[in-house]
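User: Got a model open here. Can you walk me through it?

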Amino acid sequence: MIRALTFAVLILCAACGALPAGSTCSPRYSGVSEVVREDRVTELDLVIVIDSDPASSDHLESLFSVIDGLVEPPCLSRSTPGGGAPHRCDPNNPDDFRSYPPPASMRVGVVSADLGARGSGIAGCETERGLDGRIGPRVTLSRQDSLNGAHLGHGSLSPSADTASCDGLPAFLSFCSTIAGCRNDEEHRPSRDPSLIRAQFACHARAAARGCPLSQPLEALWRALVEHGASEPPGSPAPNAGFLRPDALLSIVVFTAGDDHSVRDCSRDYGFSASRGERSCRDGTSAFLPSSTQWSSRDVEQRFYPQQLDSALDPTWNLDRYLDPTGRWTRDLDSLKPGRPWAIQFAAITGVSPLAAAQRLEFDRIDWRSLETSLVPSLDARCGHIAPVCTRPAADGTAPTCRTDGPMALPSRRIVALARRFAESPRCNGAPCNDGIVESACSARADAVIRNVLRRYVPRGGRCLPRLLLPERGTDGLERVSCVVREIMAVGLGCDTTRGRRVIDGDEGVFVDEQGQRHIVCEVDQIPVYPASHPQNPLLPVSDAPGWFYDRTLDPDNPSCTQRISQTPASRWPLGTIQRLECTLVEWPAACRPDSGAGSEG
């Protein structure tokens with residue numbers, strides 16, 4: 001099991017405390033052992049792939065609701081039973097409280113699904129590579145000028161600002177909601193202003209949502225994150241280097257009002273076909289040429305809706321390119337978080353009917369079989385295109401019949417099939433990760449997408465212990481506990497001394513798992529804390545240096561917890577951590593508890 005983990009944390013106490021000299025109090029010692037996987041994060045890297053088909057811009061309201069819901073969560077009311085309906089917070093109403101916290105630190109990278117389709121003869125598709133999976137706006141001012149009237153959603157996300165406000169945008173957005181979160185990404189000057197993030201995102205979306213109607217969202221996503229090196233360190237030559245952070249949750253949102261047209265371009269195969277046992281790559285780019293007779297239809301777009309996916313008449317890449325459960329292809333999206341598949345989420349706001357997307361099995365799981373059955377493509381003879389799976393009322397309130405009449409979404413089988421892989425593939429220690437979700441592009445909101453992110457994003461106040469440890473006060477007046485914290489690293493990883501980790505000499509510095517693989521074991525530094533009597537910083541760690549500390553401050557997420565093992569911001573347990581806590585705990589009689597003034601000052 002360790003093979004698929006980032007590392008394990010082992011907390012050991014030979015004797016977590018001793019009686020204070022001359023004390024008449026007698027504490028009772030007992031042991032506790034907990035094994036908990038750390039699957040919650042404080043850093044979020046959000047990648048949004050936007051359909052480049054101009055017809056999809058009428059559906060962007062649901063996408064903007066995701067940004068709204070993350071940077072400025074809705075409020076509930078203390079005066080209403082159950083909190084009442086979520087609503088915009090009123091700073092003058094003391095009964096309002098946030099229904100969930102915003103991310104402490106969030107990056108937002110926008111990727112256009114425009115990869116071009118040279119030879120198709122379709123307006124907007126004549127460039128060879130389109131925007132090529134680059135993160136951030138890649139348009140000229142004159143093109144932005146032409147988009148000023150585009151419908152981009154509702155409220156503050158509508159394009160009310162003039163084009164000049166979109167000049168000089170960063171390649172990606174950086175948002176923070178806490179001092180520690182801002183400090184963690186300070187080199188990118190994060191903003192704590194939700195309205196600024198919303199306005200900047202509207203500019204990015206405006207640049208991405210107009211381009212080639214034959215959009216290729218999955219290949220654009222792969223190019224952005226894998227081919228263009230988004231996980232490589234800052235300063236690397238890769239175009240998107242430095243965007244992904246090692247310890248952040250990677251949450252992918254694909255927004256499209258039709259299916260994926262990610263055509264097999266063998267010039268960018270990079271060994272994928274060989275990994276599947278194929279002699280050579282079968283190029284599919286001729287599907288863009290109206291004169292080609294190789295495909296099932298004379299209509300270029302209809303060629304991307306074959307009756308059977310991955311058949312001889314399907315010009316697109318096999319979905320293993322993006323997520324290969326067998327592990328044969330080593331450059332899929334899972335490769336971005338080696339050994340930590342639970343650090344990646346995939347959500348799609350796409351061409352499915354709202355009713356089909358709303359069907360749930362037990363534990364809020366999507367009924368994938370029924371959903372995929374509803375997506376079998378058929379030709380609408382009246383309109384001359386694939387029949388839609390859902391529509392939205394046009395500006396005059398009428399329901400559109402054909403794509404020229406108003407907003408609608410076509411069946412998105414490939415997008416849904418990939419989301420199902422993220423949900424059901426046994427990638428997390430032999431069990432499904434349950435990290436795939438789908439919402440309808442015809443819906444006004446995408447609350448399920450937000451809920452999917454929130455499952456993994458919650459503030460971490462440390463791991464609560466059932467009873468008190470006994471701190472010891474040193475000659476320096478600072479308090480420590482007699483515990484040792486160790487980490488079992490993933491195969492191939494060593495001790496990061498810049499994050500408070502030290503190499504352990506001898507046999508204790510190596511752990512051999514059930515498969516015979518060797519793991520380096522690191523010791524984590526303890527940061528002492530000030531005593532409760534300190535006038536400025538009672539019970540707080542003495543520095544922000546990387547390490548862990550015994551935390552007796554109030555946990556706002558669990559007020560009943562007054563003793564826990566916490567880490568400083570510079571020492572965060574990475575996502576996927578297995579924490580094994582083994583300590584000898586001390587339980588004092590009520591009259592002798594350290595905070596009663598008897599026994600020990602600590």
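User: What strand order does the open sheet of six strands have?
Analyst: The order is E7-E6-E3-E8-E9-E14, with mixed pairing. Strands pair if DSSP finds at least two bridges between them. Strands (E, at least two residues) and helices (H or I, at least four) are DSSP runs, numbered from the N terminus. This is a predicted model: local features need pLDDT of at least 70, side-chain atom pairs count only at pLDDT 80 or more, and totals for chains, interfaces and linings use all residues. Residues are numbered from 1 along each chain as its sequence is written, and side-chain values use heavy atoms, with hydrogens and water left out.

User: Which strands stand at the edges?
Analyst: E7 (173–176) and E14 (436–440). Each has a single partner strand, so one side of each is left without a neighbour in the sheet.

User: And how do E8 and E9 pair?
Analyst: In the parallel sense, over six bridges. E8 covers residues 249–255 and E9 covers 344–350. Serine 251 stands opposite glutamine 345 in E9.

User: Which strands does helix H1 lie across?
Analyst: E3, E6, E7, E8 and E9. H1 (residues 60–71) runs at about 170° to E3. Axes are lines fitted to C-alpha atoms, for helices over the stretch in contact, and angles run from 0 to 180 degrees between N-to-C directions. Contact means heavy atoms within 4.5 Å.

User: Switching to the core. Which residues touch the most other members of the largest one?
Analyst: Ile50, Phe201, Leu225 and Phe346, out of 85 residues. A nonpolar core is a set of buried Ala, Val, Leu, Ile, Met, Phe, Trp, Tyr and Cys residues joined through side-chain atoms within 4.5 Å. Leaving aside neighbours within four places in sequence, Phe201 contacts residues including Ile48, Phe64 and Leu173.

User: Is alanine 208 buried or exposed?
Analyst: Buried, at 3% relative accessible area. Buried means under 20%, exposed over 50%, partly exposed in between (1.4 Å probe, protein chains only). Alanine 208 lies in helix H4 (residues 194–208). Its C-alpha is 7.6 Å from that of valine 110, 98 residues apart along the chain.

User: How many disulfides does the count come to?
Analyst: Seven, taking cysteine sulfur atoms within 2.5 Å as a pair. One joins cysteine 125 to cysteine 212, S to S 2.0 Å. Cysteine 125 lies in the loop between E6 and H2 (141–145), and cysteine 212 in the loop between H4 and H5 (217–227), so the pair ties together parts 87 residues apart in sequence.

User: Why is the disulfide of cysteine 495 and cysteine 522 left-handed?
Analyst: Because the torsion about its S-S bond is about -95°. Both cysteine 495 and cysteine 522 are buried.
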